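User: I would like to learn how to read salt bridges and helix faces from coordinates. Please take me through an example.

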Amino acid sequence: SECVRALISGYERFKEERFKKAALKGLEYLETRCPICYNGLRDIGLNEAEAFSAVTVVDAFLDAYGLTGNKRFLENALNYACYILTWFYMYDTKNLRLKYNFHPISFSITPRLSPYESVWVVSTFMRLFNVTKDDFWKNMAKLAYVEAVKWRSRNGGLSEGVFPYGLKELK
């Protein structure tokens with residue numbers, strides 16, 4: 001999905017049809033091979049190459065929808081976005097408050113979270129809201145945002161050396 005996004009960006013900049021063709025072929029795999037069904041979809045950290053990210057998949061389908069206007073790409077973005085919802089910690093205990101935090105490793109033996117990916121999913125959900133005008137995605141973005149910004153360190157970092165900009169307000 002990361003390559004698909006790069007190819008779409010390359011097509012938009014250079015107008016090379018081969019970039020667009022390759023991007024759409026990559027999306028065809030994500031659409032028809034059902035990688036979720038085979039546990040082949042697992043979000044990962046920065047610079048880890050063993051899988052691909054559901055968040056990036058949603059963004060790739062949104063990129064293709066923006067490029068082509070084909071509703072099929074929007075439907076696929078929404079399908080993967082619904083899948084992302086299952087990776088949110090939805091519990092809240094007195095000693096460990098992880099409600100509406102996102103962590104993408106399904107087989108973790110501890111209840112972990114990923115602040116930088118929580119912020120990343122906020123931007124993806126805001127993209128979905130901007131495209132669909134469905135308040136559900138904006139509300140999910142806000143819930144994740146409010147919790148994720150609590151994890152910022154004094155120097156502004158979230159984790160693994162990630163220092164996102166624009167965390168002063170939800171956009």
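User: Which residue forms a salt bridge with Asp-59, and how far apart are the closest N and O atoms?

Analyst: A salt bridge here is a side-chain nitrogen of Lys or Arg within 4 Å of a carboxyl oxygen of Asp or Glu. Asp-59 pairs with Arg-127, the closest N and O atoms being 3.0 Å apart. The two lie in distant parts of the chain, 68 residues apart: Asp-59 in helix α3, Arg-127 in helix α5 (residues 115–132). Helices are DSSP runs of H or I with at least four residues, numbered from the N terminus.

This is a predicted model, in which local features need pLDDT of at least 70 and side-chain atom pairs count only at pLDDT 80 or more, while totals for chains, interfaces and linings use all residues. Residues are numbered from 1 along each chain as its sequence is written, and side-chain values use heavy atoms, with hydrogens and water left out.

User: Is Asp-59 buried or exposed?

Analyst: Buried means under 20% relative accessible area, exposed over 50%, and partly exposed in between (1.4 Å probe, protein chains only). At 4%, Asp-59 is buried, whereas Arg-127 is partly exposed at 27%.

User: Which residues are linked with Asp-59 in a network of salt bridges?

Analyst: The network joins Arg-5, Asp-59, Asp-63 and Arg-127. Within it, the side chains of Asp-63 and Arg-5 meet at 2.6 Å, N to O. That pair connects helix α3 with helix α1 across 58 residues. Asp-63 is buried at 14%, and Arg-5 is partly exposed at 30%. Asp-63 also touches Ile-8 and Arg-127 (contact: heavy atoms within 4.5 Å).

User: How many salt bridges does a search of the whole structure find?

Analyst: The search finds six. One of them joins Glu-31 and Arg-72 at 2.6 Å, linking helix α2 to helix α4 (residues 71–85).

User: Where do the buried residues of α1 fall, seen down its axis?

Analyst: An α-helix has 3.6 residues a turn, so residues three or four places apart point the same way. In α1 the buried residues are Val-4, Ile-8, Gly-10 and Tyr-11. They fall within an arc of 160°, so they line one face of the helix; the arc is that of the directions from the helix axis to the C-beta atoms. Their cover includes α2 (17–32) and α3 (54–68). On the face turned away from the buried side are the exposed residues Arg-13 and Phe-14.
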